[in-house]
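Here's a quick briefing for anyone opening this structure for the first time. Take a look at the sequence and the model, then read on.

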Amino acid sequence: KRHKQPSTEDLISGILQGDITALSRAITLIESKNPSHFEKANALIKGCLPHANKSVRIGITGVPGVGKSTFIESFGLLATSLGKQVAVLAVDPSSSVSRGSILGDKTRMEALVKEPKAFIRPSASGESLGGVARKTRETIILCEAAGFDTIIIETVGVGQSETAVHSMVDFFLLLKLAGAGDELQGIKRGIMEMADLIAINKADGDNLKQAKVAKVEFNRALHLYPKKSSGWQPKVMLCSALKNEGIQDIWEQIQDYVSLTYKTAYFNKKRSEQNKFWLIQTIEEHLKSNFFNDKEIKVALEKQLQLIEENKTTPFAAADYLLRFKV
Ligand code: GDP
């Protein structure tokens with residue numbers, strides 16, 4: 001039996017009433033690669049935008065196995081118990097339809113998925129990082145319009161996805177494990193610099209002692225960085241997502257961060273900087289895809305690549321030539 005597709009207006013009013021079915025359908029439209037859906041998707045975002053923003057957006061990253069899903073489950077349940085409405089989204093450019101999304105996977109957050117005040121949506125798939133990030137960003141707006149006030153965005157600690165998530169959240173949480181010995185090895189410097197809080201997870205049982213050592217080392221490393229423009233001094237905390245320990249302290253840190261940055265107006269300033277960034281990003285993405293998907297350019301590009309291989313032109317002359325094509 002075929003159902004009539006709801007109109008954009010119906011979807012928007014559904015979302016504004018907190019209807020999860022309408023929200024899910026709208027996200028599916030946003031994620032669609034079918035060009036006939038683009039206009040509708042844009043109208044949806046535009047309709048939701050005035051109702052968005054009343055939220056705290058929290059990015060969570062860490063290598064696979066660090067305990068992100070377990071953490072989000074504990075953290076999300078704490079938030080809902082405090083009356084918050086929690087949406088969990090993911091940025092995972094590596095996920096594909098065939099493989100299934102590894103992040104934001106519902107089966108990994110069994111209790112949270114049953115919680116009526118929580119909404120879990122896996123990463124958009126089959127896209128470049130830019131595409132996935134953009135769709136997640138748009139999904140944030142829809143979730144906020146639907147009344148979700150705590151938005152969690154999970155990403156895996158590999159590649160550039162952390163930078164993308166950092167550019168769409170208010171607060172960035174880095175989950176770490178106490179490793180064997182050299183704690184700071186293998187940390188991408190940039191990631192530590194982005195973090196507003198480092199939580200050393202699995203600080204339980206036999207791990208506790210090592211975790212305490214790691215805490216001291218991470219703290220020392222953090223103090224080597226210049227002060228953040230938010231005025232916030234990032235801390236290192238211990239937690240056990242599995243045993244539900246230290247989760248409340250982390251929650252309170254985030255509340256402190258929000259109060260501080262609200263007071264200094266940094267909170268809104270950062271969001272508006274992020275919006276400007278995303279405007280430029282979207283245009284770049286658009287221009288790039290228009291350029292590389294143009295039939296005439298595709299042929300000409302092949303030819304220029306060939307000429308380069310034969311040493312008959314330079315990359316700059318070739319680029320100059322190709323950029324003169326009308327897209
Ligand atoms: P993710 O890949 O980062 O999402 O990690 P998961 O949440 O799937 O956790 C990976 C494994 O670590 C699972 O077997 C969890 O049960 C375990 N784990 C997660 N958090 C903790 C913790 O705080 N303490 C202990 N001991 N194990 C944990």
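This is a predicted model: local features need pLDDT of at least 70, side-chain atom pairs count only at pLDDT 80 or more; totals for chains, interfaces and linings use all residues.

**A first look around**

Residues are numbered from 1 along each chain as its sequence is written, and side-chain values use heavy atoms, with hydrogens and water left out.

**The whole protein**

- The protein has 13 helices and seven strands; these are DSSP runs numbered from the N terminus, with helices (H or I) of at least four residues and strands (E) of at least two.
- A compact globule of 327 residues would have a radius of gyration near 20 Å, and the protein's 22 Å agrees with that. The radius is taken over C-alpha atoms, and the globule rule is 2.2 Å times the number of residues to the power 0.38.
- Along its principal axes, the C-alpha trace spans about 65 × 55 × 40 Å.
- Of the 327 residues, 46% count as buried.
- Take the contacts between residues at least 6 apart in sequence: 75% of them join residues at least 24 apart. Contact here means heavy atoms within 4.5 Å.

- Phe292 sits in helix H11 (residues 266–293).
- Not counting residues up to four places away in sequence, Phe292 touches Lys298 and Leu301.
- Phe292 and Val327 are 35 residues apart in sequence, and their C-alpha atoms are 9.3 Å apart in space.
- The axes of H11 and helix H12 (residues 295–309) come within 5 Å and cross at roughly 70°. That makes H11 roughly perpendicular to H12 (angles under 35 degrees count as roughly parallel, over 145 as roughly antiparallel, 65 to 115 as roughly perpendicular and the rest as oblique).
- On the H11 side, the contact uses Phe291, Phe292 and Asn293, and on the H12 side Lys295, Ile297, Lys298 and Leu301.
- By class, that contact of H11 with H12 has four nonpolar, one polar and two charged residues. For the classes, Ala, Val, Leu, Ile, Met, Phe, Trp, Tyr, Cys and Pro count as nonpolar, Asp, Glu, Lys and Arg as charged, and the others, Gly among them, as polar.

**Helix H3 and two partners**

- Two packed helices are described by the angle between their axes and the distance between the axes. The axes are lines fitted to C-alpha atoms, for helices over the stretch in contact, and angles run from 0 to 180 degrees between N-to-C directions.
- H3 (residues 35–48) packs against H6 (residues 129–145) at an angle of about 45°, with the axes 9 Å apart. That makes H3 oblique to H6.
- H3 passes H6 in a left-handed crossing (the near helix is turned anticlockwise from the far one by less than a right angle; clockwise is right-handed).
- In this pair, Asn42, Leu44, Ile45 and Cys48 of H3 meet Arg134, Glu138, Ile141, Leu142 and Ala145 of H6.
- The axes of helix H1 (residues 8–16) and H3 come within 10 Å and cross at roughly 35°, and the crossing of H1 and H3 is right-handed.
- Thr8, Leu11, Ile12 and Ile15 of H1 make the contact with Lys40, Ala43, Leu44, Gly47 and Cys48 of H3.

**A buried strand residue**

- Ile58 is found in strand S1 (residues 56–62) and is buried, with a relative accessible area of 1%.
- Leaving aside neighbours within four places in sequence, Ile58 is in contact with several residues, among them Phe75, Thr150, Val169 and Ile254.
- Ile58 and Thr150 are 92 residues apart in sequence but 7.6 Å apart in space, C-alpha to C-alpha.

**Two positive phi values**

- Most residues other than glycine have a negative phi.
- Lys202, in the loop between strand S6 (197–201) and helix H9 (208–222), has a positive phi near 65°.
- Ala265, in the loop between helix H10 (247–263) and H11, has a positive phi near 70°.

Note on methods: Buried means under 20% relative accessible area, exposed over 50%, partly exposed in between (1.4 Å probe, protein chains only).
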